[in-house]
Amino acid sequence: EENRPRLWDLIAETPALDWLLLTKRPERIAASLPLTWGVGWPNVWLGTSIENRATLHRADSLRSIPAAVRFLSCEPLLEPLDELNLSSIDWLIVGGESGPNARPMRPEWAAALRDLCTRAGIPFFYKQSGGRDRHKGGDLLEGERLQAFPKPRGAA
């Protein structure tokens with residue numbers, strides 16, 4: 001927390017860079033923002049991780065914060081997220097877990113989220129299938145590379 005003012009200064013001094021700030025504690029975002037936040041800084045994208053149904057509530061906290069882009073990172077995706085509400089969300093990132101203790105992700109869970117994004121008109125970014133062998137995870141979902149990005153609010 002002691003470094004936060006210095007980091008906000010750095011972000012303010014680099015308007016040509018897009019900063020993606022991701023947290024598992026979106027309920028703490030409002031108290032951590034600089035006084036000059038207003039409706040959000042154009043180069044700051046705010047996101048939260050949602051890996052299972054027990055963490056769906058995090059999107060509600062994120063929705064309450066003004067931002068140029070609000071995004072959800074569903075990685076590692078550990079179960080289907082059929083109840084995911086994408087209202088006021090601008091971007092969805094999905095991926096499986098990797099590494100020696102990786103828990104499996106089923107492709108149909110990711111495909112269901114892709115379809116939800118398509119219906120909602122929200123960019124979908126498929127990061128990786130995951131798995132224990134990082135070379136086998138791949139970044140294709142049903143044979144397609146899906147790596148769409150959002151357009152920040154207020155962008156030309």
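Trainee: Does serine 88 count as buried, partly exposed or exposed, and what relative accessibility puts it there?

Mentor: Start with the scale. Buried means under 20% relative accessible area, exposed means over 50%, and partly exposed lies in between, with a 1.4 Å probe and protein chains only. Serine 88 has 44% relative accessibility, so it counts as partly exposed. Before we go on, know your model: it is predicted, local features need pLDDT of at least 70, side-chain atom pairs count only at pLDDT 80 or more, and totals for chains, interfaces and linings use all residues. Residues are numbered from 1 along each chain as its sequence is written, and side-chain values use heavy atoms, with hydrogens and water left out.

Trainee: Where does serine 88 lie, and what is its phi?

Mentor: The general idea comes first. Most residues other than glycine have a negative phi, and most peptide bonds are trans. Serine 88 is not a glycine, yet its phi is positive, about 60°. It lies in the loop between β3 and β4. Proline 76 is also found in the loop between β3 and β4. A cis peptide bond joins glutamate 75 to proline 76, with omega about -5°.

Trainee: How many helices and strands does the protein chain have?

Mentor: Elements are DSSP runs, numbered from the N terminus: helices are H or I with at least four residues, strands are E with at least two. Here there are four helices and seven strands. Read from the N terminus, the order is α-β-α-β-α-β-β-α-β-β-β. The radius of gyration is taken over C-alpha atoms, and the globule rule is 2.2 Å times the number of residues to the power 0.38. The protein chain has a radius of 16 Å, close to the 15 Å that the rule gives for 156 residues, so it is as compact as a globular protein of that length.

Trainee: What share of the 156 residues counts as buried?

Mentor: The figure is 45%. Some buried residues form a nonpolar core: a set of buried Ala, Val, Leu, Ile, Met, Phe, Trp, Tyr and Cys residues joined through side-chain atoms within 4.5 Å. The largest one has 33 residues, and Leu84 and Val94 have the most contacts inside it. The elements giving two or more residues to this core include α1 (4–12), β2 (44–49) and α4 (107–120). The largest share, four residues, comes from α4. Apart from this core lies another, of six residues, among them Trp45, Phe71, Ile93 and Phe125.

Trainee: Which residues does tryptophan 45 contact, leaving aside neighbours within four places in sequence?

Mentor: Contact means heavy atoms within 4.5 Å. Tryptophan 45 is in contact with Asp18, Trp19, Leu20, Leu21, Val69, Phe71, Trp91, Pro150 and Pro152, leaving aside those neighbours. Find tryptophan 45 in strand β2. At 5% relative accessibility, it counts as buried. Now look at leucine 20.

Trainee: Is serine 32 buried or exposed?

Mentor: Serine 32 has 18% relative accessibility, so it counts as buried. Its place is in helix α2 (residues 29–32). Not counting residues up to four places away in sequence, serine 32 touches Arg4 and Trp8.
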